[in-house]
Structures are given as structure tokens and as C-alpha cells.
Amino acid sequence: MVGKITPNYIEVRQGDNFSILLQFKDEDKFIDISGSVLKMFVKNKADGKTVLIKQGIIDDGERGKSHISILPEDTKKLNVKDEFITDIQITFANGETHTIYPQSIGQVAAFIVTQHVTE
């Protein structure tokens, strides 16, 4: 699983799998995310067109565990020379929506696709 997530960017190698593991907590208490919907959007920075939408999987709702899987086919079609931006949102069962990544208000994160050599 080749990839990296930092506060400012997510980086994946084109054509590889990468899982973004998430756990929701408030202080030391788990946040129950049962019934929630988790989505990641990736857009082309130049024209704002959406190039990828990924829905997260709730692994253990009561313990706030989930993940988003980036699959090889998700990045194979993306040009490594293009600049992309991304964010991740959760919509809780009660309808509340929160952007959870990046955490800084008013910022977006870069989504970087690095070149692969092996076919």
C-alpha cells in the first residue's frame, strides 16, 4: 500500500492501492459513526472538475473506525502532471455534515499522484 497522508496533502502512486484509515474520537471517547456517510472528493485544481469521488467504509461504527480505499483504477486515468485538490466529509446519521480533512478551515489539501514505472 503505497501512499502518504499529511495535514496538507494525500500522495498516492498511480495504479497502486492505498487505504486512508480514520478513527473518530473526542478527547479519549470514541465517536459513534454508525449510519454515517463518509465521502472524499478530488478535483482538478485548474478547472474545478471532479475527477474522483470515493465513499468510505464504516468498519466499526461504535468505535469510530472507517477507511477510504483508493484503488488502482482510480488513479490510472489521472495525469500525474495535473494538480488536484481534495477534502473528506462525514455526514452523521442526524444529518450534520463536517469536513474532517483537511482540518484547517478555509484550506484545501493537495491530492498528488506520483508516476509509476511498472505496468
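Which residue forms a salt bridge with K54? The residue is D74, and the closest N and O atoms of the pair are 2.9 Å apart. The model is a predicted one.

## Salt bridges

D74 belongs to helix 1 and K54 to strand 7, so their pairing ties together parts that are 20 residues apart in sequence. D74 and K54 are both buried.

The count of salt bridges comes to two. In the other entry, the side chains of K45 and E83 meet with an N to O distance of 3.7 Å. K45 sits in the loop between strand 6 and strand 7 (50-55), while E83 sits in the loop between helix 1 (72-76) and strand 10, so this pair ties together parts 38 residues apart in sequence. K45 counts as exposed because its relative accessibility is 52%, and E83 is exposed with a relative accessible area of 52%. As background, side chains of opposite charge can pair when their charged atoms come close.

## Nonpolar core

The largest nonpolar core has 22 residues, and the members that touch the most others are I10, I20, L38, M40, I68 and F111. At least two core residues come from each of strand 2 (9-13), strand 3 (18-23), strand 6 (37-44), strand 9 (65-70), strand 10 (84-91) and strand 12 (109-114).

For F111, residues up to four places away in sequence are not counted here; the residues F111 touches are I10, V12, M40, V42, L52, L78, F84, I85 and T86.

## Strand 12

In a regular strand the side chains alternate between the two faces of the sheet. The covered face of strand 12 holds A109, F111 and V113, and the uncovered face holds A110, I112 and T114.

Strand 12 runs parallel to strand 2, with five bridges joining them; Y9 has A110 as its bridge partner in strand 12. Strand 10 and strand 12 run antiparallel and are joined by three bridges, and F84 has F111 as its bridge partner in strand 12.

## Residue A109

A109 is part of strand 12. Is A109 buried or exposed? With a relative accessible area of 0%, A109 is buried, because the cut-off for buried is under 20%.

Apart from neighbours within four places in sequence, A109 contacts N8, Y9, F84, I85, T86, Y101 and P102. The C-alpha atoms of A109 and P7 are 7.7 Å apart in space, although the two residues are 102 residues apart in sequence.

Notes: Residues are numbered from 1 along each chain as its sequence is written. This is a predicted model: local features need pLDDT of at least 70, side-chain atom pairs count only at pLDDT 80 or more; totals for chains, interfaces and linings use all residues. Side-chain values use heavy atoms; hydrogens and water are left out. A nonpolar core is a set of buried Ala, Val, Leu, Ile, Met, Phe, Trp, Tyr and Cys residues joined through side-chain atoms within 4.5 Å. Buried means under 20% relative accessible area, exposed over 50%, partly exposed in between (1.4 Å probe, protein chains only). Helices (H or I, at least four residues) and strands (E, at least two) are DSSP runs, numbered from the N terminus. Contact means heavy atoms within 4.5 Å. A salt bridge is a side-chain nitrogen of Lys or Arg within 4 Å of a carboxyl oxygen of Asp or Glu. Two strands pair if DSSP finds at least two bridges between them.
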